[in-house]
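I opened a structure today and kept notes on what I looked up. The entries follow after the display.

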Amino acid sequence: MTKEAVSIRDLNYSYPDGTVALEDINITIEEGERIAIIGQNGAGKTTLFLHLNGTIKSHNNNVVIFGKDIGQMKSKERIEKVGIVFQDPDDQLFMPTIFDDVAFGPINMGLDEDEVERRVRSALATVGLTGFEDRVPHHLSYGQKKRAALAAVLSMEPRILVLDEPTANLDPRNRISLIRLINNLNRNKGTTTIVAMHDVNAVSQLADRIYVLNKRMVADGSPTEIFMDFDLLRENNLDAPDVFRLFNVLSCFGFNCESLPLSIDDAVEVLTKTIEGNGKHIHLHIHEHTHEDLKDIMHRYDHHAEPSK
Amino acid sequence: MEYPEIDRYASLDSPVHRFDPRTKIATFTFLVFSFVFIQEITIALFALFFSILLLLVSKLPIGFVFKRVQVVLIFVLPLLIIMPLTVEGTELFSVFGISATHEGLRYASLIVIRAMAAVILILTMLGSMRFDTTIKALYMLKVPSSLVQMLMFTYRYIFVIIDEFLSMSRAMSAKGFNPGMNMYSLSIIGNMVGMLIVKSYERGERVYQAMISRGYTGNPKTRTAFAMRRTDYVLSAILVGFAILVHININTVMM
Ligand SMILES: Nc1ncnc2c1ncn2[C@@H]1O[C@H](COP(=O)(O)OP(=O)(O)OP(=O)(O)O)[C@@H](O)[C@H]1O
Ligand SMILES: [Mg+2]
């Protein structure tokens, strides 16, 4: 039986200046799930994350991690459970050297020197920064800082890993290796992963379930369910993945498949399967409704258009 | 704008660089205190000479150190003019009825020389090890933790703030702003400084959140591994010896 990793009930939060950031949030995340939280700028993703490890204290005991109220946890227990990698790496690398920074969490957990050393080495190796131990943070490139900030959280080996915009500003190679790394942690160690991201093309590679946040939780479902819901996407200023849109277009030309792919990898699989099951070829054509259908599809994705009907 | 990289030459190799960081800080501080209490110009000159000698031994580029000494000189050099005019004593010369005194000039020179000696010492000390090493050494010397943390974060974020300032000023010049000496320019620059303060404040908040997220409870602990060697004992004996010597000398001179 799986355990509830995160449970939030009726969470409301306004910043001291009166900005309402979160309203009536209810979420339940099982251990080992891969979750993405999407939402436009200012939707409250970062604010929600600050609640997940008790940085912002909720007074109603409504953030529960592995069955225990986060507000009641000691700092050591809290950081063993939830590790958060924030958006801006400069905010997170606050120690004089990379080594000190990555060692910061483990030392606060009270681990002995050898274990701290081991964890720092392994975290740095995981993000590909071996040999950067003595470097100072302000001389690293943005992507390197980003990976160092991740290492600083990985070294605490948290059971829930929360990442705010992990792929933003990374080059393609680093983006792919980051996605792979998160998925490996999930698969091999059973780490529950929660990411906030704007890159819808990468979302389906990192999540089995998506929450759509816009102050309130407006939707929750599998990536396909979410991206099929054009009105939901438009109302919340979101996009569907390019591949998904392309296959929507292809369907206007008479291409039929069971489920629309969300990424290139999915697409290869879907195409292979469909073509093989179709006598080793597919047939695309233009029929009388094609132009109308195309217009309709494109219209649905257009953020500036009025909702259809 | 230049980054205040005091430890740019920390990777050079010299006896001063190899000196154990804790002992270096302790003995150099002792020397600085000893120097600022010197009462004789000749001995002060001797101390200044000793500081320069240490600087030469450390192989730090003279220009690098001198550029920073200049900043201090801007503050102390005016004393050479003010003090002779204000301190009472035997008259040296007088202009327009205002007289300059011998004592005034003597005190002012003493202050300038002692200041230079002390500043050169401190720069040699800071310049010859990485700043993170300095911080760890201070931490091990049981300097109050809040002080060490203040130093540490100042040093860490001064670079970020400079970057923020630079990107702001680049953004402004990209929008056609040319700073000049008029009301408009000044008010824009005032805004910019205000923004910088707000940004720094907000960053401070986010950094604190990140620290809490990693179990910060008030005392950052770091791992330190320093070991004293024989040369460290010899070098500290020489430095401490000199620090005491300059004062013994005064007594014998006065007797
Ligand atoms: N310190 C603060 N004080 C006041 N209001 C704030 C503060 N931080 C955020 N807000 C406001 O709270 C709302 C939610 O912000 P939050 O940073 O959580 O959004 P986000 O979903 O992370 O956005 P983004 O995608 O741009 O990172 C926004 O309207 C924002 O302006
Ligand atoms: Mg955010």
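I looked up Q87(A) and found it partly exposed, at 36% relative accessibility. The cut-offs I used are under 20% relative accessible area for buried, over 50% for exposed and partly exposed in between, with a 1.4 Å probe and protein chains only.

I noted that the model is predicted: local features need pLDDT of at least 70, side-chain atom pairs count only at pLDDT 80 or more, and totals for chains, interfaces and linings use all residues. Residues are numbered from 1 along each chain as its sequence is written, chains are lettered from A and ligands numbered from 1 in the order in which they are written, and side-chain values use heavy atoms, with hydrogens and water left out.

Next I asked which protein atoms are donors of the magnesium ion (ligand 2). T46(A) lies in helix α1 (residues 45–52) of chain A and Q87(A) in the loop between β6 (82–85) and α3 (89–92) of chain A, so the pair ties together parts that are 41 residues apart in sequence. T46(A) is partly exposed, at 27%. Donors here are N, O and S atoms within 2.8 Å of the metal (3.2 Å for Na, K and Ca); water is not among the atoms, so sites may look incomplete. Helices (H or I, at least four residues) and strands (E, at least two) are DSSP runs, numbered from the N terminus.

I then turned to hairpins. In chain A, β9 (residues 209–214) and β10 (residues 216–221) pair in the antiparallel sense over five bridges; pairing takes at least two DSSP bridges between two strands. N214(A) stands opposite R216(A), and K215(A) in the turn has a positive phi of about 70 degrees.

E91(B) stands opposite T101(B). Two residues lie between these strands, and F96(B) takes a positive phi near 45 degrees.

I also checked R234(A), which is in helix α10 (residues 230–235) of chain A. Is R234(A) buried or exposed? R234(A) is buried, with a relative accessible area of 11%. A polar contact of 3.0 Å joins its side chain to that of D231(A); such a contact is a pair of N or O atoms within 3.5 Å, and within protein one must be able to donate a hydrogen and the other to accept it, while residues adjacent in sequence count only if both atoms are side-chain atoms.
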